[in-house]
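Keep the viewer open as you read.

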Amino acid sequence: MEYRRLGKAGLKVSELSFGSWITFGSNLNLNNIRQCLKMAFDAGINFFDNAEVYANGASELLMGEAIKDLRREDLVISTKIFWGGKGPNATGLNWKHLVEGTKGSLRRLQLDYVDLLFCHRPDPTTPIEETVRAMDVLVRSGLAFYWGTSEWRAEDIEEAHQIARAIHAIPPAMEQPEYNMFQRARVEEEYASLYHKYGMGTTIWSPLESGILTGKYNEEIPPGSRLYRHEELRNRLTKEKIAKVKALEKIAHELSCTLSQLAIAWCLKNPHVSSVILGASSIPQLQENLGAEQVKLQLTDEIMQAIEGILQS
């Protein structure tokens, strides 16, 4: 397993990581989660991602139980704060919810601190300065080691850095954006200046475009699948994407790998990606996804150009 620095930060995260979005508490029970976490850890994964909103908190509860089998110092654990409940101050990035939400996540995870703490989405109802001040307090108090953003606009991240500099606060160290062969603009274009100016790291999610890049939806949407259960994700499936996935199958065949491995390996080739979060829902799926590390080594400039030709067609 390759370990990459989180941008300019000294922290090193495994280039492949394991996340709990959608799967923990729905597809996976505690025994399955323990098995998956152990397999991931044995393969070299040290970064495990979560959020207060996942399964309404059950995801953090399950992960908290599962990681008891592992040494805390060997792990990089993250959570994300935004959607904490139904109360007027239980959602968003106001100071009250950031502090109370973080403490709630720590109780569920049964941890004294998280390594990475993300502002899960931008909050137009809270001044960015208030959010920066609150995150600075959380880091300085030892409840988190690094803080970052998720799906923020580049201009808002820029503002957060400027505010942090002006008030001598700790700035955001990382972003958690969606990134895959079909969702590229934000990571490759919008954030370009942030990597060079501030050394931002990225922990990207949905490398398989919610399963579309696995090829399993090329002919139909199987009952019980992720797209079958989530209309918002189902709306992403288009004839154009299916045609490109079918073309990518030929490259995967030439490399003797699966489409999933090819798609994940393609994400790993981006030097600004600190870690690719896997959302495997079974041991076989996790085993397959872990194989992307070896496929990455096969992606020559020529093959990357061939992939680009398909994606741009």
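Predicted model: local features only at pLDDT ≥ 70, side-chain atom pairs only at ≥ 80, totals over all residues.

Setting aside residues up to four places away in sequence, Val 276 touches Glu 15, Leu 16, Ser 17, Ile 204, Pro 207, Ile 264, Cys 267 and Leu 268. Val 276 is also one of the residues with the most contacts inside the largest nonpolar core, together with Phe 18, Phe 48, Met 181, Leu 248, Leu 262 and Ile 307. That core has 85 residues, and helix 11 supplies the largest share of them, with 8 residues. Apart from this core lies another, of 11 residues, including Leu 6, Val 13, Leu 116 and Met 174. As background, nonpolar side chains in soluble globular proteins tend to be buried together.

Now step back to the whole chain. The protein has 14 helices and 10 strands, and 56% of its 313 residues count as buried. Its C-alpha trace spans about 55 × 45 × 35 Å along the principal axes. How does the radius of gyration of the protein compare with that of a compact globule? For 313 residues, such a globule would have a value near 20 Å, and the protein agrees with this because its own value is 19 Å. If you count the contacts with a separation of 6 or more, 79% of them join residues 24 or more positions apart.

What lies over them? At the start of helix 12, a side-chain oxygen of Ser 282 comes to within 3.2 Å of the backbone nitrogen of Gln 285.

From there, move on to helix 13, where you will find Val 295. Val 295 counts as buried because its relative accessibility is 4%, under the 20% cut-off. Leaving aside neighbours within four places in sequence, Val 295 is in contact with Cys 257, Gln 261, Leu 262 and Ala 265. For a sense of scale, Val 295 and Ala 192 are 26 Å apart in space, C-alpha to C-alpha, and 103 residues apart in sequence.

Is Asp 115 buried or exposed? With 5% relative accessibility, Asp 115 counts as buried. This residue sits in strand 6 (residues 114–119), and its side chain reaches the backbone nitrogen of Ile 77 at 2.7 Å. Beyond residues up to four places away in sequence, Asp 115 touches Arg 72, Leu 75, Val 76, Ile 77, Phe 145 and Tyr 146.

That leaves the salt bridges, of which a search of the whole structure finds 23. One of them joins the side chains of Asp 69 and Arg 34, at 3.2 Å from N to O. This pair links distant parts of the chain: Arg 34 belongs to helix 1 (residues 30–42), while Asp 69 is in the loop between helix 2 (58–66) and strand 5 (76–81), 35 residues apart. Asp 69 counts as exposed at 54% relative accessibility, whereas Arg 34 is partly exposed at 30%.

Another salt bridge brings together Arg 140 and Asp 136, at 2.8 Å from N to O. Both are in helix 4 (residues 128–140), and because they are 4 residues apart there, about one helical turn separates them. Arg 140 is exposed, with a relative accessible area of 55%, but Asp 136 counts as buried at 10%.

Arg 184 and Glu 188 also meet through their side chains, in a salt bridge of 3.0 Å from N to O. Here Arg 184 counts as buried at 17% relative accessibility, while Glu 188 is partly exposed at 30%. To finish, look for Glu 2, Arg 4, Glu 15 and Lys 296, which are linked in a network of salt bridges.

Note on methods
Residues numbered from 1 in each chain as written. Heavy atoms only, no water. Salt bridge = Lys/Arg side-chain N within 4 Å of Asp/Glu carboxyl O. Helix = DSSP H or I, 4+ residues; strand = E, 2+ residues; numbered from the N terminus. Buried < 20%, exposed > 50% of the residue type's maximum accessible area, 1.4 Å probe, protein only. Polar contact = N/O pair within 3.5 Å; in protein donor to acceptor, adjacent residues only side chain to side chain. Core = buried A, V, L, I, M, F, W, Y, C linked by side-chain atoms within 4.5 Å. Contact = heavy atoms within 4.5 Å. Rg over C-alpha atoms; globule rule 2.2 N^0.38 Å.
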